[in-house]
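Here are my notes for anyone opening this one for the first time. Have a look at the picture, then read on.

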Amino acid sequence: MKKTLFLIPIILSACIKTPLPPDENIYESALFILNEGAFTGGTATIDAIGVSNDSNQQQVFSTVNGYALGNIGQHMITADSLLVVSMNNGGVVRGLSRKTMIEKWSALISAPRYLGESSEYLVVTNWGSNYLKILNKFTGFIQDSINVFGVSEQVHIQGDVAYVGLNGGFSNDNRVAIVDLNTKAVDTVVVGDKPNSFVELGNDIFILCSGYEDWSGSGSGSTPASLWKINSSGTVTEVVSAPSASDHAIELKTDGTDLYFLNASYSGAVVKTNSNPVSWPTMAVTPSGAYNFDLMSNTLYVHDAKDFASEGTVYQYDLNGNLLDSLPAGIIPRQVIQN
């Protein structure tokens, strides 16, 4: 009898669950930096700026989750309560809590590249197949695949229509796929070589095409960068092209009035133009040496990857090119996003 009475408190205590700590919004208003990481043997990392008295917390994903993010961080977006990140070489897309950075789900996708969000879905472009991957944004479950008839790069979503750059991956392509995400209907239009990025300005979708870069040695197969637009009626026109096949450009952005892009891949400077330039823009706003850049709240975030093996720096400039600040980053910083 005494043994029975002695066991009762133990049994009851085993049934009582220890309350979990509250899900605090640790990273509210943080600025996230996605670092690609070293191409061989490295891992992508995420830094958080503006946490704990504006401190810079490095490698927050691995610190919170206890394992690496994955090889080559390619792109990240916010989608409702999640920060979604694609790892190109790692073949994985991860959905993280924007509050805590705890991983909520992961999806295995061959060579994922860029991410987009519609009202219903996450869209993932990739170089592993000709199919867009359509994910449930809350679970990461791959709900559908849509054949866009080419490997896909950056994507711009307007309502439930996706504009997808078909850039050929390591080869060449010159098309944009226009995908109705509801009916799965796909149309393609021809633009310049290697469509690289999109912005929406007024009623138009602008497309920056980087031009094909021939790395064979002679460079004889290279083609120039160009800027195109698709208007509200679906008409596709070339706005302007670069004067030389050695002129390339990446990462089209807008402040809502003007257009900005890098005038070279891997080591460019930010240039600025209006939406109807008469000639290819050449006036640099920032110094050269940028691997990538972002534009948020009238501030340019210019990513300096340095030697692609050491920790990089993100420089902040105003739209006139005045240096405002610099932020320490990890190996090969490629994107900044505001939580």
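**Notes on the chain**

1. Surface first: the chain exposes about 15600 Å², and carbon and sulfur atoms supply 51% of that (Shrake-Rupley areas, 1.4 Å probe, only the protein chains shown counting as cover for residues). Keep in mind that this is a predicted model, where local features need pLDDT of at least 70, side-chain atom pairs need 80 or more, and totals for chains, interfaces and linings use all residues. Numbering runs from 1 along each chain as its sequence is written, and side-chain values use heavy atoms, without hydrogens or water.

2. As for the overall build, the C-alpha trace spans about 95 × 45 × 40 Å along its principal axes. Of the 339 residues, 52% are buried (under 20% relative accessible area; exposed is over 50%, partly exposed in between; 1.4 Å probe, protein chains only).

3. On to charge pairs: the whole structure has 12 salt bridges (a Lys or Arg side-chain nitrogen within 4 Å of an Asp or Glu carboxyl oxygen). One of them joins R175 to D173, with the closest N and O atoms 2.9 Å apart; D173 is buried at 13% relative accessible area.

4. E251 and K253 also pair up, at 3.2 Å from N to O. Buried or exposed, what is E251? E251 is buried, at 6%, and K253 counts as buried too, at 18%.

5. D258 and K272 form another bridge, with N and O 3.8 Å apart at the closest. Here D258 is buried at 17%, while K272 is partly exposed at 33%.

6. Finally, salt bridges link D80, E117 and K137 in a network.
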